[in-house]
Amino acid sequence: MSSSCDKATWLSYLTYGWINPLVETGVERQVDLADTPELAEIDDTAANAHRLSVNLEAQERAGKTHPLLRAVVATYWYPLMFLQAFRIIEWSLALLNPLLLQRVLVFQEAQNDDKLRLTSEEVSSGMTAVSAMIFLGLFSIFFGSQLAFFQTRISLRLGSALRGSVLERGLKVRACQEHAGAAGQGEPGSQQEAPSVYNVISFDVGPNIDIIWILLGLWIFPFQFISVLLLLFHQVKYAVVPGLVVILVAKTISGVLLVYDGFLRNTQMQAKDRRMGLCDEGFTHVRTLQMLAWTQPFMDNMLVARSAELRAMRNRLWMQKMVAASDYSLSAIVTLVTLGYYVLHDGGTLRASLALPVIALVNSLVGPFGQFPAWANQYLVWRSAYERVNNYMGLSGTWSGRRPRGESASAGRHGVAEAAAAAPAA
């Protein structure tokens, strides 16, 4: 079955009409695998994994540093360039909305003033602003939806390609290790473990895709910040400075919390590797544990690893929720400080045509600044995930050239030995 997305017309693509047959089938009965269309040719997992593997081998032959990063960029630079151009357009449209809103509110305030008599040019200008705002809202709905869909498709291609390459390369590395072990050249405990494979593919590939969105966000940040700051200065002059200070203080606190959360991510994944390694080893040697009465000591080791993992998860969750609580109220606080300074210190007059656009612009200013603590956290998470992916694939692109401290590909391998040492003498 060919992809419905490939055969869709422009109207069907923009309105997502191409997915209607699948939705109608789901209304009538349970959707089966045979009912779902194939991926579009450009989104095919095997094709994307092959393209990335070819570029990865080319980067390795050229002796480049960080070959995995370079291979991803070399494979997908073309759609990423278009995505960045579309993001600039989306941001420009978002800034245009408060300006049109101000024109509409000025027109409304003039209508409510009985002392003023509107000319035909002013009425025409006001109605034009109303029409433009309606059209911009409708266009932004379609444009934002299609941009999110386009980014999702790029993420799908990146994720499938990277997971395919990780699995293919990891199997090759494991085969080489088994061959070396059979020849008596491998080190004991150097063989990749199944839990590590699961963790790498499930939890470490995603951060290696997120770093691309961080780099694109850093590239566009100066344009976002300067454009919003200029518009706010045009509206409230130097009253924008106190609001900016509040943003910097709040985001510094959030940044400290999220940076620590990023460091804890590696601790959590190490504990997770150990717990899953012990579980895998327990299933494999369950008869031995029962026969030698080592069940309880082995279970104690599993519970210790589980407690360490849960402790790291709890600390990370607390920090993330504190940051979310700060972000929830930050826009309102910054708006209050900015408009309060404008009225009390500068002696300005607070009107709807000023307050509502300023509130929208403040939200736009908080947005780009609010990304920095999250970026710092995601960068640390990426550093941990990048090390683990490179170690599993046998690449030399790690920052330190070795495994992260405390991490081993054979996590949990010596669980039986530890249980034996902890067991009472018979």
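H8 passes H11 in a right-handed crossing, a crossing being right-handed if the near helix is turned clockwise from the far one by less than a right angle, and left-handed if anticlockwise. The structure is a predicted model, in which local features need pLDDT of at least 70 and side-chain atom pairs count only at pLDDT 80 or more, whereas totals for chains, interfaces and linings use all residues. Residues are numbered from 1 along each chain as its sequence is written, and side-chain values use heavy atoms, with hydrogens and water left out.

The axes of H8 and H11 come within 9 Å and cross at roughly 20°; axes are lines fitted to C-alpha atoms, for helices over the stretch in contact, and angles run from 0 to 180 degrees between N-to-C directions. H8 is therefore roughly parallel to H11, the term applying to angles under 35 degrees, with roughly antiparallel used over 145, roughly perpendicular for 65 to 115 and oblique for the rest. Helices are DSSP runs (H or I, at least four residues) numbered from the N terminus. The contact of H8 with H11 comprises 16 nonpolar, 7 polar and 5 charged residues. In this classification Ala, Val, Leu, Ile, Met, Phe, Trp, Tyr, Cys and Pro are nonpolar, Asp, Glu, Lys and Arg are charged, and the others, Gly among them, are polar.

H11 also packs against H5, at an angle of about 165° and with the axes 10 Å apart. H5 and H11 are therefore roughly antiparallel to each other, and H5 passes H11 in a right-handed crossing. The residues of this contact divide into 18 nonpolar, 4 polar and 1 charged.

H5 (residues 67–112) packs in turn with H4 (residues 45–61), at about 130° and with an axis separation of 8 Å. The two helices are therefore oblique to each other, and the crossing of H4 past H5 is right-handed. On the H4 side, the contact (heavy atoms within 4.5 Å) involves Asn48, Arg51, Leu52, Asn55, Leu56, Gln59 and Glu60, which meet Pro67, Leu68, Arg70, Ala71, Val72, Ala74, Thr75 and Tyr76 in H5. By class, 8 of the contact residues are nonpolar, 4 polar and 3 charged.

The loop between H4 and H5 contains histidine 66, a residue other than glycine with a positive phi, near 50°. Lysine 237, in the loop between helix H7 (194–236) and H8, likewise is not a glycine and has a positive phi of about 55°. Most residues other than glycine have a negative phi.

A search of the whole structure finds 2 cavities of 30 Å³ or more. A cavity is a set of points, on a 1 Å grid over the protein atoms alone, where a 1.4 Å probe fits but cannot get out; lining residues have an atom within 4 Å of a point. The second largest cavity holds about 30 Å³, a volume being the space filled by probe spheres set on the points, which are joined across faces, edges and corners. Its lining consists of Leu232, Val240, Gly243, Leu244, Val334, Thr338, Val362 and Leu365. Two or more of these residues come from each of helix H8 (240–284), helix H10 (295–344) and helix H11 (352–393), and H8 gives the most, with 3 residues. The lining has 6 nonpolar, 2 polar and no charged residues.

Technical notes: On a 1 Å grid over the protein atoms alone, a cavity is a set of points where a 1.4 Å probe fits but cannot get out, and a pocket is an open set with protein on both sides within 12 Å along at least five of seven lines; lining residues have an atom within 4 Å of a point.
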